[in-house]
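This briefing is meant for a reader who is meeting the structure for the first time. Please look over the sequence and the model before reading on.

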Amino acid sequence: MLTREILNSLLPVAPALGLIISGCAILIAWMFQPQQDDDQPRSSNGWAWAGLAALIVVWGSWSFSGSTLVDNEATLFRSDVLSRSGTHLAMLAGCLVAAITINRSPSGFGAEFHACLLFLVSGLCFVSAATDLTTLYLGLEMVSIPTILLLAISRRDDSGMESTLKYFALSAFSSAIFLMGCSFLFGIAGSTKLSEIAASISANPSIAAYIAFALVLAGLAFRVTAVPFHFYAPDVFSGCSLPLGGLLSTLPKIAGFVAMLRLLGGPALQSGLAPVALNTIVVLALITMTVGNFAALAQMNCRRLLAYSSVAHSGYLLMGLAAALVQGTGAQSLIMYLSAYVVMTLGFFAGVTAIFERTDENLDLDDLQGVTQKNLLLGASMTVCLLSLIGIPITAGFWGKFMILRDLIAPQNTLLLVGAIFMVVNSAIGAIYYLAMLIRVNTQKPTEGSQAESRTTSIVDLPAFATCVICAATTILWFIVPKWM
Amino acid sequence: MSNLVWLIPVAPLLAMLVGVVLCFSSRGRESAHLPTWVGLLVAAVVCLMTLLGSEGGTTAVVTPGYTWLSVGSVTIPISARLDGVGLVQLTVVTCISFLVAVYAQGYMKGDPGYPRFFAVLSAFVFSMVMLVISSNLLVLYAFWEGVGLCSYLLIGFWYQRPSAANAAMKAFLVNRLADTAFLAGILLLWHGVGKVTTSTTAFARLDFDTIFNVLPALASEYPNLLSWVGFLLLVGAIGKSAQFPFHVWLPDAMEGPTPVSALIHAATMVTAGVYLLARMSPLLSYTPEVLQLAGWLGAITAVIGGSVALFQDDLKRVLAYSTVSQLGLLFIAFGAGMNPEMLPFAVVAAMFHLLTHAFFKALLFLTAGNVMHAMGDVIDMRKFSGLKSVLPATHILFLIGALALAGVPPLAGFWSKESIFGLLAAQIKDPQHGSLFLTWLCMGLFSSLLTATYTFRAYMRTFQGEVKTPAEAGDHPHEATPVMLAPLYMLAAGSVVSGLVIYLTGWLDKFTLPPETVEAPHGSWLLFVVSMVIVVAGYGLARVFPTFDEKKSPAFVKALANRLYLDELFYYLLVAPTQSLANLVGAIDKFVDSLIRGVAHVPTAAGFQLRRMQSGIVSSYALTMAVGIVLLVALAFL
């Protein structure tokens with residue numbers, strides 16, 4: 001009887017368990033592989049395909065069976081709209097990252113790399129289904145620790161080590177802050193259950209509750225690279241391999257926003273903390289998008305630019321969070337923006353990965369020149385992703401911005417209206433640097449002596465190329481059929 | 001049947017997608033016509049089945065299609081709304097398009113842009129079909145622009161030729177000018193509907209059903225607004241339907257491949273404006289002054305088009321101006337609907353002439369295409385003559401088209417013109433506007449005379465007389481291939497019988513008239529006789545009409561040969577002032593720009609400042625984060 005109950009309570013995180021089992025299987029299988037000399041790098045292709053296959057199988061089987069689950073808040077994990085959308089997002093991003101890295105897993109570490117990726121995605125599933133502070137924190141750590149491992153094994157030169165260490169130290173710092181917030185919450189409510197915490201706060205919104213809220217928000221703000229918790233992003237992006245940049249700008253961000261929705265999106269904040277929380281989040285959002293965009297404008301370095309662009313998008317997403325808090329009707333627009341963001345960002349990262357032999361060297365904007373000239377399909381796909389990042393119609397990014405703006409304008413709330421105006425202005429500023437990339441991708445001939453000029457073939461990485469095309473196609477498809485987002 | 005409605009736009013859409021893929025593939029280019037053929041055939045068959053299976057009546061059937069977006073209070077459904085007028089228009093569009101596509105297989109063979117042509121052709125038919133069936137004015141406008149875009153692509157199909165590129169640009173810009181007014185009209189109407197009803201969502205306010213429901217309220221509360229809406233919609237319509245003064249783009253559009261001229265500039269696209277008026281006729285029945293304006297514009301266009309056509313040497317241009325003048329007749333028909341009880345009959349008459357005109361004008365254009373093909377792309381009537389023996393099949397087909405256009409009974413054109421003139425003649429005794437109707441009738445009859453003259457003249461110059469072929473034609477000019485002739489025979493059959501059948505059976509009435517109306521006014525015997533006399537006179541005039549030498553002719557001939565200098569007028573009235581305005585604005589802009597540039601430096605400078613904070617030292621990052629936490633907590637206390 002007891003076993004059955006335990007099993008039932010684990011059903012909402014079945015995909016996560018499936019991924020953990022597959023990850024372990026990959027690690028065990030790797031142990032049995034005959035050892036080879038270190039100076040002869042082993043092909044890590046097989047592991048990559050195994051990881052991707054595991055993701056797709058788990059995702060597919062869960063999608064076809066998971067929707068009938070009973071939502072039970074009393075257990076550690078629940079199965080509601082947010083957990084389902086969170087899991088879908090995690091699986092989507094995981095699949096895309098796995099696909100980009102098929103040819104790009106670090107030599108000698110293929111099995112570990114892809115096992116870690118599976119663990120990371122499973123952590124995201126835990127976060128989205130958590131009903132308890134403990135499981136939520138567990139999930140968040142299951143996202144950040146594999147991320148550190150991935151950073152450490154994929155680039156082992158000095159700058160790689162530096163960025164890993166930076167990420168490690170700051171991530172630990174932010175975890176500690178988050179944990180401190182959690183302990184406050186536990187102190188207020190006397191329970192770790194999110195529902196009970198919410199009930200207790202809404203009954204008695206105390207000063208301690210404000211502090212707890214601020215601490216928790218600060219801890220999560222690191223995951224989503226909100227200003228001023230973003231400083232690690234450009235340094236780490238420029239010190240890691242390109243596909244990992246894609247990973248860093250999507251997976252932790254999903255984790256952060258889903259966790260925010262889990263913690264703050266409940267009824268507690270509606271009644272208890274709403275005005276305060278709203279002010280804080282809107283201010284954070286405005287600073288984040290403005291700093292991100294302005295810093296990106298000054299960048300000629302492609303990786304750092306993408307890091308700042310990811311910061312700016314966090315600002316828009318935080319505005320979506322604010323709108324969701326005010327409306328209280330769930331966070332459909334935020335989820336839509338996140339889905340669009342995942343696909344367009346990873347699509348562009350995939351496109352850049354596809355054309356560069358080495359993904360860890362310095363990349364200037366000018367190195368993007370003339371992609372379309374050499375390969376029409378790749379150039380077109382990257383263009384679509386960039387248009388989507390700007391938020392231009394015919395792409396999913398348009399719906400993302402449109403929905404968030406609509407939610408900001410609809411409630412007739414002055415603060416949100418100001419936020420909406422800021423968001424529009426910021427989108428226009430953001431368009432400048434996306435267009436700068438777009439122009440380089442499409443028209444300019446490579447300048448002599450640049451990396452772009454020395455590229456002989458246009459595509460060096462077929463799976464990444466395919467991923468880019470798939471992402472671009474999805475972006476357009478979602479514009480036509482937004483309900484699939 | 002209603003489920004099948006969506007096949008009509010979807011089939012060309014799929015054809016377009018396949019066509020686009022073929023454009024980029026290296027194989028299968030020479031069979032690129034197949035997807036278009038299949039798509040258009042499916043659409044045409046479904047249309048015909050629906051039309052023949054329909055019991056008629058004017059009630060519209062709304063078929064929900066695809067809900068584009070449905071989030072919260074925002075719902076954007078795209079539905080098909082099909083009534084009698086729409087069904088007739090749809091059938092004309094799909095059938096003629098299919099025949100033209102068949103013809104184009106032969107005509108375009110060997111062109112390097114072969115797949116592109118068929119892909120755009122499918123896209124054009126898709127847009128046109130969506131324009132006809134959309135249940136919302138805004139969706140209609142979207143596809144209205146889609147049609148404009150496709151026509152730009154097709155007119156400028158041979159974009160390497162500067163003349164084609166310019167013609168495409170001209171067509172697009174002139175249409176844009178009119179479309180701006182159309183858009184303003186739509187927004188004004190949206191605003192107005194919002195004032196009298198609050199029950200619908202923002203998007204549904206422009207549904208035709210909603211608009212028609214609130215019309216009485218709108219007319220009683222905001223009559224001026226309604227007049228403005230009607231006027232702006234009319235401007236949009238005359239842009240697309242090439243009426244004075246927006247007709248200047250149509251003759252230039254002959255730079256496109258001939259099948260395009262036949263399809264877009266004779267049978268389908270230019271009828272979009274007429275269709276818009278027919279669709280909005282419930283609204284226009286409240287604004288007789290707009291219909292009066294339509295009538296005047298139509299009458300002026302009919303006369304101008306006919307006169308200019310008389311003095312053109314380019315066979316395709318003759319046909320183009322003929323199209324302009326025939327469309328003028330359609331607008332006269334709308335003018336004849338000034339009295340609200342007559343408006344349904346006006347719509348019937350307009351749709352009737354639209355239908356027959358589609359048959360014989362497509363036929364004429366395509367036979368002109370045959371001539372052009374045989375003459376090595378020469379279309380100047382001064383350079384060839386007597387082609388009767390050279391192109392026998394084309395000769396007969398052209399003759400049929402010409403007779404139908406000239407209005408020789410019992411061919412199609414006679415009957416449909418008759419129904420327009422009959423409508424006017426029946427209202428001559430109208431106490432209020434009688435003299436107006438009489439004026440339009442006279443102008444219409446005069447344009448008929450011109451039509452008969454230029455048609456016969458073009459026929460004689462091309463096919464009669466001694467055999468003369470230009471050097472470009474080579475030694476043995478050849479008749480068109482069977483695949484090009486087959487659709488022409490079908491069009492010819494339509495040109496012969498469609499008018500008589502529809503006139504005698506009143507078949508169109510059952511689709512376009514409310515069931516319990518009085519007998520439609522028909523022309524009297526006197527009018528029949530007058531029309532016959534006009535045709536004969538036209539023939540006689542054509543025989544004696546001299547060929548003018550450009551240098552030695554009187555001023556008015558020169559003016560007509562130069563299209564009344566309207567292009568130049570347009571240039572001086574619109575383009576030149578716009579350019580000087582643009583120069584002025586440019587100068588101001590430079591000044592403002594320098595200011596803005598200063599502002600633009602701020603973000604960049606700010607960015608560089610931000611970069612300084614990015615020191616790379618972990619402890620300083622952690623410190624900033626700590627400060628951030630303190631600030632967040634502080635914010636919570638504010």
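Which residues in H10(B) are buried? In this predicted model, they are Thr258(B), Pro259(B), Val260(B), Ser261(B), Ala262(B), Leu263(B), Ile264(B), His265(B), Ala266(B) and Ala267(B). The helix, which spans residues 258–267 of chain B, is thus described as mostly covered, with ten of its ten residues buried.

**Chain B and its helices**

- Chain B contains 24 helices and two strands, and 52% of its 638 residues count as buried.
- Among the contacts in chain B with a separation of 6 or more, 81% are between residues 24 or more positions apart.
- The buried residues of H10(B) pack against helix H3 (84–107), helix H5 (137–155), helix H9 (249–252), helix H14 (315–335) and H15 of chain B.

**Nonpolar cores**

- The largest nonpolar core has 208 residues, and those with the most contacts inside it include Val129(B), Ala333(B), Met351(B) and Leu363(B).
- Helix H15 of chain B, residues 343–374, supplies the largest share of this core, namely 22 residues.
- Apart from this core lies another, of 191 residues, among them Leu96(A), Ile254(A), Ile355(A) and Tyr621(B).
- When neighbours within four places in sequence are left aside, Leu363(B) is in contact with Leu397(B), Ile400(B), Gly401(B), Leu488(B), Leu491(B), Ala492(B) and Ser495(B).

**A helix pair in chain B**

- Helix H13 (residues 288–310) and helix H18 (residues 434–463) of chain B pack at an angle of about 25 degrees, and their axes are 9 Å apart.
- Because angles under 35 degrees count as roughly parallel, H13(B) and H18(B) are therefore roughly parallel to each other, and their crossing is left-handed.
- On the H13(B) side the residues that meet H18(B) include Gly295(B), Ala299(B), Val303(B) and Leu310(B), while those on the H18(B) side include Trp440(B), Phe446(B), Leu450(B) and Tyr454(B).
- By class, the residues of this contact between H13(B) and H18(B) divide into ten nonpolar, seven polar and no charged.

**Where the two chains meet**

- In the meeting of the two chains, 33 residues of chain A are in contact with 27 residues of chain B.
- On the side of chain A that touches chain B, two or more residues come from each of helix H7 (158–189), helix H9 (207–223), helix H10 (232–239), helix H13 (274–297) and helix H18 (396–409) of chain A.
- H13(A) gives the largest share of that side, eight residues, and by class the side has 26 nonpolar, three polar and four charged residues.

**Backbone details and a residue of chain A**

- Most residues other than glycine have a negative phi, and most peptide bonds are trans.
- The peptide bond from Val227(A) to Pro228(A), however, is cis, with omega near 5 degrees, and Pro228(A) has its place in the loop between H9 and H10 of chain A.
- Ile394(A), in the loop between helix H17 (376–390) and H18 of chain A, has a positive phi of about 80 degrees although it is not a glycine, and Ile394(A) is partly exposed because 13 other C-beta atoms lie within 10 Å.
- Ala242(B), in the loop between helix H8 (223–240) and H9 of chain B, has a positive phi near 55 degrees, and Ala242(B) is buried because 29 other C-beta atoms lie within 10 Å.
- Val425(A) lies in helix H19 (residues 414–442) of chain A, and counts as partly exposed because it has 13 C-beta neighbours inside 10 Å.

Note on methods
Residues numbered from 1 in each chain as written. Chains lettered and ligands numbered in written order. Predicted model: local features only at pLDDT ≥ 70, side-chain atom pairs only at ≥ 80, totals over all residues. Core = buried A, V, L, I, M, F, W, Y, C linked by C-beta atoms within 7 Å. Buried ≥ 20, exposed ≤ 12 C-beta atoms within 10 Å, placed from the backbone. Helix = DSSP H or I, 4+ residues; strand = E, 2+ residues; numbered from the N terminus. Contact = placed C-beta atoms within 7 Å. Nonpolar A, V, L, I, M, F, W, Y, C, P; charged D, E, K, R; others polar. Axes fitted to C-alpha atoms, helices over the stretch in contact; angles between N-to-C directions. Parallel < 35°, antiparallel > 145°, perpendicular 65-115°, else oblique. Left-handed = near helix turned anticlockwise from the far one by under 90°.
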